Amino acid sequence: MAAPGGGGGGGGGAHRAGALKQQNKPHKPGRRRGGGARRQGGRIPVKTLSRQQRRTLAKLDRKHRASQLRQQRKEAVLAEKRNLGHKDGPPHLVVVVPLHAAVASQRTLGLFQRSEASVAHQAKTGPPGFVLLCLRSRLRWHFVAANTGNLHAVLDLAKVADTLLFVLDPLEGWDAAGERCLSCIFAQGLPSYALAVPGLSDQPLKKQIDLRKKLSKLTEKRFPEARLFPLNTEGESALLLQHLATQKQRHVAFRDRRAHLLATTAEFLPGPDSALVGTLKVSGYVRGRSLNVNSLVHIVGHGDFQMSQVDAPTEPFMLNPRVAKGKPRNSQDDPGSELVEMEESVKVLMTADPSKQESLQVEVVPDPMDGEQTWPTEEELKEADECLKQSKKVARRVPKGTSAYQAAWIVDEGGGESSSEEEEDEDHLMEEAMSQDGSSSEEEEEELASEEEECETMTLPESEKDDEKMEDDEAMLEKYRQERQEEMFPDEVDTPRDVPARVRFQKYRGLKSFRTSPWDPKENLPRDYARIFQFQDFFRTRKHVFRQLEKDDDDGAMVGWYVTLHLCNVPISVMKSFQQREPLVLFTLLPYEQKMSVLNLLVRRHPGNSEPVCSKEQVIVHCGFRRFRTSPLYSQHSSANKHKLERFLRADTAMVATIYAPITFPPASVLVFQQMGNGAHSLLATGSLLSVDPDRLVIKRLVLSGHPFKILSKMAVVRYMFFNREDVLWFKPVELRTKWGRRGHIKEPLGTHGRMKCQFDGQLKSQDTVLMTLYKRVFPKWTYDPFVPESRERSESALPCQEQEMD
């Protein structure tokens with residue numbers, strides 16, 4: 001019998017598979033084929049190999065590795081605590097910040113000086129304070145009292161402080177000035193801190209518990225998990241010192257990579273040429289990183305300077321001083337009598353090497369002949385003739401300042417159509433209305449003259465202060481009106497009647513799409529761009545500088561050394577401010593940080609400031625360790641390659657402020673202050689340094705509006721956008737849009753009064769508005785000033801916002 005579906009039975013014929021036999025997939029071992037894949041010549045990614053090695057570690061090995069990492073971090077924290085305040089490190093710098101007007105900071109400082117096992121040395125120059133030597137705990141402390149009335153001095157001290165000791169009022173905590181001071185310190189970068197409450201024990205016992213609860217509820221918003229320390233007796237001050245010595249240190253990013261010091265003494269030596277400029281000898285403890293004599297030094301609020309040499313004088317605050325015979329150990333009347341004068345001479349640690357020293361060159365000196373064309377050669381003349389034969393170019397007369405991109409818009413002037421009868425009738429009606437208005441105005445003038453005869457005029461004396469106040473109020477009212485107008489009609493301007501639009505807006509151009517249309521960042525740059533420095537890749541340079549900084553960490557004066565810096569060509573004003581008990585704070589600069597470039601700051605409006613601030617208005621900027629005066633441009637913060645200019649600093653979103661300033665490597669905090677009319681500085685915005693990029697395109701948008709006069713299907717006659725025929729022909733290539741989303745273009749001009757026939761992608765509504773959008777790249781103003789005085793009689797911030805340059 002034959003088998004089903006196959007050949008006949010019988011002989012010894014072999015079975016053959018049919019064409020529809022099932023084919024199974026080959027086995028794939030997946031992740032477990034590592035060794036075989038290598039043997040077979042396969043390729044395994046690096047991440048897969050690292051995962052395999054991590055997975056092959058035994059459980060005990062992983063446990064040991066985690067414990068070793070924990071131990072390393074713990075040892076790093078302990079080493080930082082041991083170095084701070086001990087003999088091998090600088091004194092623990094504590095800045096006492098009173099947050100209420102009723103708090104007496106001198107009384108608070110006095111509690112720390114009454115310990116039996118301590119020696120206090122009062123500061124004779126610089127900010128008020130003292131150095132405390134605790135002989136039992138073998139620690140050194142440097143206490144400085146900050147004046148909250150001088151906000152810049154508080155911020156300068158917070159830049160270098162190891163710990164901030166905030167002193168609260170037992171009844172109210174902090175006042176408005178203290179809240180303002182806290183806002184600025186938090187925005188700049190908060191180091192380690194502690195909260196002290198003096199005078200709490202003076203209150204009744206039942207009231208103390210309620211005051212503690214009230215203060216805890218007040219401080220938990222600003223300082224979560226913070227502990228309030230009462231400060232009324234010497235025992236409480238010793239407990240607070242123990243807490244400050246053992247707490248973990250918080251790091252501020254911009255100061256950890258730069259050597260810095262707070263001057264304890266300073267001496268000015270006049271130069272041979274002028275008594276106003278000379279050598280400044282500044283002494284203090286090196287903090288942060290090692291200090292190299294060939295690097296530059298920035299004095300906060302005064303500028304950058306070079307060092308000629310670094311000395312190692314005798315350290316004045318030592319834990320084991322030699323005690324003179326016959327004198328008490330704890331004499332506080334004359335603390336300097338405890339130290340016997342050392343006969344050692346001042347040791348010179350380093351001397352500047354002119355070949356390795358950083359230069360003070362801030363700007364590039366532009367060559368006026370750099371872009372000049374030399375006399376062409378014969379080959380160049382032949383090439384030019386061939387190009388002229390191949391391409392026929394039409395020479396056109398264009399206004400001065402027109403680029404090649406804008407010259408492509410120009411249309412040849414031809415014979416236009418004459419004005420229509422409707423325009424003539426409308427002109428006739430306008431003349432009649434003007435004549436009627438003239439007659440009515442004459443009658444009104446006669447009535448006013450008769451009323452003036454009946455009235456009597458008399459002059460009243462007014463003070464100059466009232467006049468100035470009225471002017472400031474009117475200017476501020478004008479700024480509010482302009483800001484409101486900008487919110488209602490963004491970027492809209494009126495076409496001038498006295499100047500042709502093609503002349504007034506000759507630097508503007510139209511774009512098919514603001515997002516995708518090309519714009520060359522090197523086109524039509526101002527002369528100020530020839531003075532700045534630019535990186536090919538800023539973030540790669542920053543990475544290289546930080547790596548080099550780690551390699552050269554042991555070069556120079558080490559952290560904790562007491563040194564004297566010789567600064568060259570320093571003005572005498574720096575010494576005068578130090579003699580007026582102002583803090584003198586110094587930071588060393590990284591490579592390239594003295595050179596000027598274009599900085600982009602990402603800022604957000606502070607909620608406590610509501611006054612209008614327009615672009616190119618002068619403000620005061622704290623960028624990292626620098627403080628200077630400048631006039632920023634505000635633009636939108638987006639991921640596109642073009643960023644729209646904002647005429648006012650908006651309060652609802654983050655914005656980018658573009659300025660000319662010295663290069664600073666991020667991270668760096670940013671604070672922007674507005675100088676008021678009375679000289680006070682109000683916190684305007686806070687943020688951080690975004691980038692150093694001169695090629696960031698800040699585009700100013702300008703919108704011209706017109707009214708549809710006649711509408712016929714998709715065609716419309718638009719008026720009031722232009723007022724002459726030549727302007728319509730000039731802007732004919734630019735695309736039109738409406739507020740209700742229609743798009744179109746200009747077909748042809750009608751008459752000589754600026755009317756134009758336009759075609760749209762749909763029928764317009766009579767209440768719609770026709771818009772034309774123009775664009776122009778703008779640049780910041782070069783108003784960088786490193787010297788920021790505390791107050792001025794009048795400020796430019798109250799002036800109304802006007803165009804700072806010709807469009």
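Glu 523 is buried, with a relative accessible area of 19%. The cut-off for buried is under 20%. Keep in mind that this is a predicted model.

Which residue does Glu 523 meet in a salt bridge? The partner is Arg 509, at 2.7 Å from N to O. Both residues lie in the loop between helix 14 and helix 15, so the pair ties together parts that are 14 residues apart in sequence. Arg 509 is buried too, at 5% relative accessible area.

The structure holds 19 salt bridges. Another of them joins Arg 258 and Glu 593, with the closest N and O atoms 2.7 Å apart. Arg 258 sits in the loop between helix 9 and strand 8, and Glu 593 in the loop between strand 17 and strand 18, so this pair ties together parts that are 335 residues apart in sequence. Arg 258 counts as buried at 2% relative accessibility, and Glu 593 is buried at 0%.

Next, Glu 646 and Arg 650. Their salt bridge has its closest N and O atoms 3.7 Å apart. Through shared partners, salt bridges link Lys 644, Glu 646, Arg 650 and Asp 652 into one network. Glu 646 is buried at 8%, whereas Arg 650 is partly exposed at 34%.

Last, the surface. Where do negative charges gather in a patch? Look at Glu 378, Glu 379, Glu 380, Glu 383, Asp 385 and Glu 386. Of these, Asp 385 is found in helix 10, residues 378-390. Asp 385 is partly exposed, with a relative accessible area of 45%.

Methods. Residues numbered from 1 in each chain as written. Predicted model: local features only at pLDDT ≥ 70, side-chain atom pairs only at ≥ 80, totals over all residues. Heavy atoms only, no water. Patch = residues over 30% accessible without salt bridge, like charges linked within 9 Å, V, L, I, M, F, W, Y side chains within 5 Å. Areas by Shrake-Rupley, 256 points an atom, 1.4 Å probe, with all protein chains shown as cover. Salt bridge = Lys/Arg side-chain N within 4 Å of Asp/Glu carboxyl O. Lys, Arg positive; Asp, Glu negative; His and termini not counted. Charge placed at Lys NZ, Arg CZ, Asp CG, Glu CD. Helix = DSSP H or I, 4+ residues; strand = E, 2+ residues; numbered from the N terminus. Buried < 20%, exposed > 50% of the residue type's maximum accessible area, 1.4 Å probe, protein only.
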